[in-house]
Amino acid sequence: MGVAELKKAELYYHKSVRSEVAKVLQESGVCQVVSASLPETVARAADWGEKLALYEEQVTHIRYLFRTLGSFFIDPISSFDRMLGERPVLSMADMAAMAATTDLGKISARVKDLEVALSETRVASSQHKVNKDLLLKLKDFPYSLSVVGDGTRSLKGVVGTLRQDQLDSLIEDLKPLAKETELFVCKGDDDAKASKTKSLWCVLMYAPSVEQRVLDTAVHASMSLVEAPAHITGSVSDELKILDAEIAKCDKKEAEILESLKKIAAETMPTAQKLSDYWNNMVERARAMLSSDTTESTLITHFWIPTESLPEFKKKIEAVSPDIALFDRAPIEGETPPTLMKNIDVVRPFEILTGLYSPPPYGETDPTPLLAPFFFAFFGICLGDAGYAIVMMAAMWLLFRKYKRVPKTTKDFIMIFAYGAVATLIYGVLTGSFFGDFIDAFFFMAPFRAVKNAIMIMDPMKDPMLVLGFSLVFGIVHLMFGLLVGAYDHFRHGNYADAIGDKISWFLFIVGLSLFGLGTAGALPGLLFDLSKVMSIVGAILVFWYAGREKTNIFSKIISGLLALYGATSYLGDILSYSRLLALGFGSAVIGMIINLLGGMASGIPAIGWLVAITVIVGGHMFGLIINVLGSFVHPLRLQYVEFFGKFYTGGGLAFKPLGLSSEYVDIAK
Amino acid sequence: MEYLGLTLALFGAALASLLAGIGSAVGIGIAGESAAGVMTEDPDKFGSCLILQALPGTQGIYGLLIMFFALNKLGLLGGGEAALVTWNQGLQILASCMPVAFVGWYSAIWQGKTSAASIQMIAKKPEAMGKAIILPAMVETYAVLALLSSILMLMGVQLG
């Protein structure tokens, strides 16, 4: 229980077996490879660098394929299923064989070609569409369009738009050049003619000799010129036909390219997904091995390994070659070994919660087994409804029945909620809460009322002060437990003054005051009442002494001591913080009650009332469950992190991250 | 004037769900803007972002809860006869609704801001999800305490 003991290991081996060694290191999954503390003159394993570059190239190809083909591929395995372990089972050897026969570079080159062709086709198609739009504007232009492109020897032309109300002035301006020019105004739609500010499309034709004058006149009349594509030279109707044909051709080509991309996606994506896991693992392997030291023919790899995994690893690595030497030693002063939390199976899921805060430093207390029972109980009190607990359990049962290979971390996370559901069930039964007041709210539940009332020991709705008191007592127990753990840690490190002055003192003070409070209410036998007075006084003196112990001046001593005693208010705040247990429990009960009330009201609607009522009740309780589970997870967690950890735990360790096989798309068979 | 008490009480119930609801809407909106920004870079963070965005939503629910609690107390739910409320009792119910109304309103907005910041945090450090959830939950503490105050106060009000 707590933090696993680690050893620092050094592995010496000949270059020729480096791949095999790397394979064993990775597949055993118990070694965190680190770079050596040797002087820098020793060369790093350069050939692993070359390999790394090669592997990363493959990963780059895969990323490109995922990005490009992802939208063309409908994954037969949903990401939810995949998260819960529904993946094909393959060994690294299977994937290596697949990798040897799959040329990812070639596939991505092909996809890249198609991608380029696709964008070229799309550009061409949109160009054709632009031209078509222009021609549609000029559709009653009677001459060949060669006039407006490059023009002929005796005639040139420009296309432009002109506001309706400028037309007359342009015609007027062109009068002196009437012989050399012709203005053709396209009919356009009626709409444009009706409005004076709408623009008209026109073609202005002229003899090349007067080009400049004509253009000046046109610009003067605010005609805005539009560049006509030079390659369009036929009549408008011919050119439109050609353009339509071109557009159809582009559309066809685009469809073909998309079709082939879809086909490639269907063929290669499943393989690419598997290879993604393979190459990413190879990259991890090469990256870790890169930190090995190398001499002419020997490599030295340094890593952390849990002591208990050492014998088995030794056996595996010695099977690779007889010329391998493995040395191990305990961590020395100045080294910071990573932390591997190690707990019994029941507690293990809660390691996630500790990890979310910060793992303990190596050799320090792992708070996981300490927080687990409190989190369990607090979750139960906050959710506190037997009906919700049963729904959660049923959902998890179905989930584990359907998914047999749920990955460990996902499973652990779900297990936290499974434990929470058990606590919720217990608390729900004890407080008579089943989907809120479902049993009391509906007449057809009447037969169960007697059973409910017989087991129930308290009703938070009727006696909230009892539950509040009980929540605060729970809080005091939690906080005091934290203080004792802190005292134990100080004793272990030989800091007796800190243990007594900073932890035990507060323990005595707070417990003494709490008991004293109970005693004044007459709830304690005389002896205990006297003891409580002694405890609080001794505690207060210790707090006072500890705060001022390093001050030399008597006044500073007194001021520090009094300030420290004033710190009792923070304990008051901490204890009151546990009133959230009552509040959140209330929250779920009242939300449940409201849903039942609304359901009951809905059942009064004629004819379809029962249907509405069922919808309201089922939907409402689903909503209530989700909201309350979130709250029941977050708030107990806060009580651990802020109130409980605040008394003894700071975290700050580095998590042990062994080189191993990770996977996203396959289940790697060992 | 015989309905003054009931009106005052209803005013309180309305404020509870109204102010707390506004607060949650604003808070979730603030967090949502941040979440959308993060997801444009990394759509896979949808799950974590959604949880963080949802955190300031509880105040609205607490407000609703108090509103129902008050309505239930007034006998306005379930179609029976409404309770007879003097103006004094009406004021008492109005006062009881105040903690959740105002604390809910303000805390949801600030919780939304903290959530938005937490969302930015997990954008860079997804492994810090635990801490990212706790920071907004620190703000929510006061909404929970206000809820508790309102519930206890409402339970204490005696309607004759």
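## Pockets, a cavity and a buried lysine

Modeller: The second largest pocket here has a volume of about 400 Å³. This is a predicted model, where local features need pLDDT of at least 70, side-chain atom pairs count only at pLDDT 80 or more, and totals for chains, interfaces and linings use all residues. Residues are numbered from 1 along each chain as its sequence is written, chains are lettered from A and ligands numbered from 1 in the order in which they are written, and side-chain values use heavy atoms, without hydrogens and water.

Colleague: What makes a set of points a pocket, and what a cavity?

Modeller: Work on a 1 Å grid over the protein atoms alone: a pocket is an open set with protein on both sides within 12 Å along at least five of seven lines, while a cavity is a set of points where a 1.4 Å probe fits but cannot get out. Lining residues have an atom within 4 Å of a point. Volume is the space filled by probe spheres set on the points, with grid points joined across faces, edges and corners.

Colleague: Which residues lie nearest the centre of the second largest pocket?

Modeller: T431(A), D459(A), P460(A), M461(A) and A589(A), out of 24 lining residues. Helix 22 of chain A gives the largest share, six residues.

Colleague: And how much space lies in the largest cavity?

Modeller: About 80 Å³. Its lining draws on both chains, including L584(A), S588(A), T58(B) and Y62(B).

Colleague: How many residues of each class are in the lining of the largest cavity?

Modeller: Six nonpolar, six polar and no charged ones. Ala, Val, Leu, Ile, Met, Phe, Trp, Tyr, Cys and Pro count as nonpolar, Asp, Glu, Lys and Arg as charged, and the others, Gly among them, as polar.

Colleague: Over to chain B. Why is K45(B) called buried?

Modeller: Buried means under 20% relative accessible area (exposed is over 50%, partly exposed in between, with a 1.4 Å probe and protein chains only). K45(B) has 10%, so K45(B) counts as buried.

Colleague: What makes the K45(B) and D42(B) pair a polar contact?

Modeller: Their side chains are joined at 2.8 Å. The cut-off is a pair of N or O atoms within 3.5 Å, one able to donate a hydrogen and the other to accept it; residues adjacent in sequence count only if both atoms are side-chain atoms. So 2.8 Å qualifies.

Colleague: What else is K45(B) in contact with?

Modeller: Leaving aside neighbours within four places in sequence, V38(B), I122(B), A123(B) and P126(B). Contact here means heavy atoms within 4.5 Å.

Note on methods. Helix = DSSP H or I, 4+ residues; strand = E, 2+ residues; numbered from the N terminus.
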